[in-house]
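Please examine the structure shown here with attention to its helices, their packing and its aromatic rings.

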Amino acid sequence: MHARPPARPVRRKPARRRRTRRAWLIAFGILIPVLIGGGLVWGGGFAFTALAAALDDAVDGVTVPAFDPDAALPPAPVPPNIAGYGVEQLGNACTILRAGRDLGFDDRDQTIAIMTAMGESSLRNIDYGDWETSGVTNPDGSRTTSIGLFQQQDNWGTREQRLDAYTAATLFYRAMAARIPDRAALDPTIVAHNTQINADANHYARYWDRAVRVVAALGGTPLANDKLDGIPLCPAG
């Protein structure tokens, strides 16, 4: 048997061309975004320059005032109020008016009730009184127990009654009718004083004009310089 001649080694083609082609593709892939991005940047810069020029033309000849740190600031908005009383206080006034109407009291009596609550609590339904704020005592030396819109003490009713605005107003109207049947001929502050039985008969006089303003506004007919914007209304009927 004849031995087969040894097989000739197979020569592989050099891979240089394939690598070269791949390198070109990579370079081309990098170059295109760079060129496009550069075009966008150049184009964007041109557009921005054109826009700035157009804005310069638009404001040409317009004088812009210099900033003055000492210039007065615009006034702060004023919250709704009548005679210095805010929305919550005016809502309590509406409750007092409603209680008076339900009991059949006339406008003057209702205004006296509003005046009294102004003098006692500034139309706020508070759960404390003169003892807590000023250490005021009764004539017999006992601590006062005043609470609510009318600062009524324990002898007026339960704590719950005196802290309920409608009930407290009802208690006031009934006491006023029982204690001062001839009140139509008396000054409003005297009526309030004789109902509340406080130390100063003229204590409530300073609140009468404010009470008149509040009653007028809450009825939908505000007096001069008073506005209805944002305040609660409680017209009769």
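The following questions and answers go from the whole chain to single contacts.

This is a predicted model, in which local features need pLDDT of at least 70, side-chain atom pairs count only at pLDDT 80 or more, and totals for chains, interfaces and linings use all residues. Residues are numbered from 1 along each chain as its sequence is written, and side-chain values use heavy atoms, with hydrogens and water left out.

Q: How many helices and how many strands does the protein chain have?
A: Helices (H or I, at least four residues) and strands (E, at least two) are taken as DSSP runs, numbered from the N terminus. From that end the elements run α-α-α-α-α-α-α-α. The count is eight helices and zero strands.

Q: What percentage of the residues of the protein chain count as buried?
A: A residue is buried under 20% relative accessible area, exposed over 50% and partly exposed in between (1.4 Å probe, protein chains only). The chain exposes about 16,400 Å², of which carbon and sulfur atoms supply 59%; such areas come from the Shrake-Rupley method with a 1.4 Å probe, and for residues only the protein chains shown count as cover. Of the 237 residues, the buried part is 30%.

Q: What percentage of the contacts with a separation of 6 or more joins residues 24 or more positions apart?
A: Contact means heavy atoms within 4.5 Å. Among contacts in the protein chain with a separation of 6 or more, the share from residues 24 or more positions apart is 55%.

Q: Why do helix 2 and helix 8 count as roughly perpendicular?
A: Axes are lines fitted to C-alpha atoms, for helices over the stretch in contact, and angles run from 0 to 180 degrees between N-to-C directions. Angles under 35 degrees count as roughly parallel, over 145 as roughly antiparallel, 65 to 115 as roughly perpendicular and the rest as oblique. Helix 2 (residues 87–103) and helix 8 (residues 208–218) have axes 11 Å apart, packed at an angle of about 85°. That angle makes helix 2 roughly perpendicular to helix 8.

Q: Which residues of helix 8 meet helix 2?
A: The residues of this contact divide into seven nonpolar, no polar and no charged; Ala, Val, Leu, Ile, Met, Phe, Trp, Tyr, Cys and Pro count as nonpolar, Asp, Glu, Lys and Arg as charged, and the others, Gly among them, as polar. Helix 2 contributes Leu90, Ala93, Cys94 and Leu97, and these meet Val214, Val215 and Leu218.

Q: What distance separates the C-alpha atoms of Gly91 and Pro232?
A: Gly91 lies in helix 2 and is partly exposed, with a relative accessible area of 25%. Gly91 and Pro232 are 141 residues apart along the chain, and their C-alpha atoms are separated by 6.3 Å.

Q: Which residues do ring pairs link into a cluster?
A: Rings of Phe, Tyr and Trp (its six-membered ring) pair if their centres lie within 6.5 Å; planes under 30 degrees apart count as stacked, over 60 as edge-to-face and the rest as tilted. Phe105 and Tyr173 are stacked, 4.9 Å centre to centre with 25° between the planes. The rings of Phe150 and Phe172 have centres 4.8 Å apart and planes at 15°, so this pair is also stacked. The cluster linked by ring pairs consists of Phe105, Phe150, Phe172 and Tyr173.

Q: Why is helix 7 largely enclosed by the rest of the structure?
A: The buried residues of helix 7 (residues 188–196) include Pro188, Val191 and His193. Their cover includes helix 3, helix 6 and helix 8. Helix 7 is largely enclosed because the buried residues number seven of the nine.

Q: Which residues of helix 7 make the contact with helix 6?
A: The axes of helix 6 and helix 7 come within 9 Å and cross at roughly 100°. Helix 6 supplies Phe172, Ala175, Met176 and Arg179, while helix 7 supplies Val191, Asn194, Thr195 and Gln196.
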